[in-house]
Amino acid sequence: MMNDDVYRRPRLLIPDNSPLSLLSMAGREALDYLFAPEVEVWITDMVEIEATRDPDAGDDQRTEQRRTIAEWFDNNRHRISVMETAVGREYSKAMTNWRMGGSHPDLKPDWADRGDYSLFDILKAAEAFVEDSEAVVLLVDDRRARAVLMQNEDLNLDILSTRAFISMLEHEFGIEKAADLWPIIEIGAGVNEHGKSRVPDPLPEDPIHVRKR
């Protein structure tokens with residue numbers, strides 16, 4: 001049997017594609033900062049798929065950014081644990097069947113209903129982590145996912161946005177270059193048709209500490 005120290009080691013779980021997408025705008029080196037806290041880094045299979053898949057017509061293409069993330073995954077397989085989800089399994093099966101059937105464009109499995117996969121799966125992933133780790137940090141920008149996690153009465157979680165994670169790198173880990181990351185990300189993200197930055201707005205509560213009631 002494994003001892004308690006193994007089971008209770010801190011873990012960083014990323015069940016949301018936004019942190020990888022945002023950090024990659026500042027280059028591959030920015031993605032490496034996910035390892036700076038020196039804890040286990042876990043990423044759900046759907047996040048890896050979403051971040052690296054070939055975009056469909058009408059999607060945000062950003063092929064160079066996707067290539068950067070894919071290369072980062074390939075170079076850090078030994079440092080990243082990918083967490084399997086039900087949605088990820090089903091999508092992988094559908095893609096395998098599609099390729100075996102000749103990869104006809106009109107029959108390609110639709111990503112639209114899978115990319116924004118269920119909040120239930122995010123909650124399940126968090127619950128699985130709490131079962132064998134006292135210290136669980138989720139890196140989540142999605143507001144709905146954060147709201148669901150905040151309402152749970154049976155978990156001990158810390159929830160960080162990408163912006164809060166970058167601030168933590170600077171102020172708690174003493175990484176001076178981290179101060180430059182968010183301005184670089186803002187430039188990389190650009191603005192929408194209304195001239196508003198595409199990066200997420202600051203969150204009113206960040207980080208969030210969820211504790212059992």
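Q: What is the expected span of a helix, and which span does α6 reach?
A: The expected span is 1.5 Å times one less than the number of residues. Helices here are DSSP runs of H or I with at least four residues, strands are E runs of at least two, and both are numbered from the N terminus. In this predicted model, α6 has 15 residues and reaches 21 Å from first to last C-alpha, close to the 21 Å expected.

Q: What should I know about the source?
A: Residues are numbered from 1 along each chain as its sequence is written, and side-chain values use heavy atoms, leaving out hydrogens and water. As the model is predicted, local features need pLDDT of at least 70 and side-chain atom pairs count only at pLDDT 80 or more, while totals for chains, interfaces and linings use all residues.

Q: Which residues of α6 are buried?
A: An α-helix has 3.6 residues a turn, so residues three or four places apart point the same way. Buried means under 20% relative accessible area, exposed over 50%, and partly exposed in between, with a 1.4 Å probe and protein chains only. Val-87, Gly-88, Tyr-91, Met-95 and Trp-98 of α6 are buried. They cover an arc of only 95° around the axis, so they lie on the same side of α6. The arc is taken from the directions from the helix axis to the C-beta atoms. Asn-97 and Met-100, on the other side of α6, are exposed.

Q: At what angle do the axes of α4 and α6 cross?
A: Axes are lines fitted to C-alpha atoms, for helices over the stretch in contact; angles run from 0 to 180 degrees between N-to-C directions. Under 35 degrees counts as roughly parallel, over 145 as roughly antiparallel, 65 to 115 as roughly perpendicular, and the rest as oblique. The axes of α4 (residues 45-52) and α6 (residues 86-100) come within 8 Å and cross at roughly 45°. That makes α4 oblique to α6. Contact means heavy atoms within 4.5 Å. Asp-45, Met-46 and Ile-49 of α4 meet Val-87, Gly-88, Arg-89, Tyr-91 and Ser-92 of α6.

Q: Which residues have a positive phi?
A: Most residues other than glycine have a negative phi, and most peptide bonds are trans. Gly-102, which follows α6, has a positive phi near 110°. Glu-38 is not a glycine, yet its phi is positive, about 60°. Glu-38 sits in the loop between α3 (28-32) and β2 (40-44).

Q: Where is Pro-207, and what kind of peptide bond joins Asp-206 to Pro-207?
A: The bond is cis, with omega about 5°. Pro-207 lies in the loop between α11 (181-189) and β6 (208-210).
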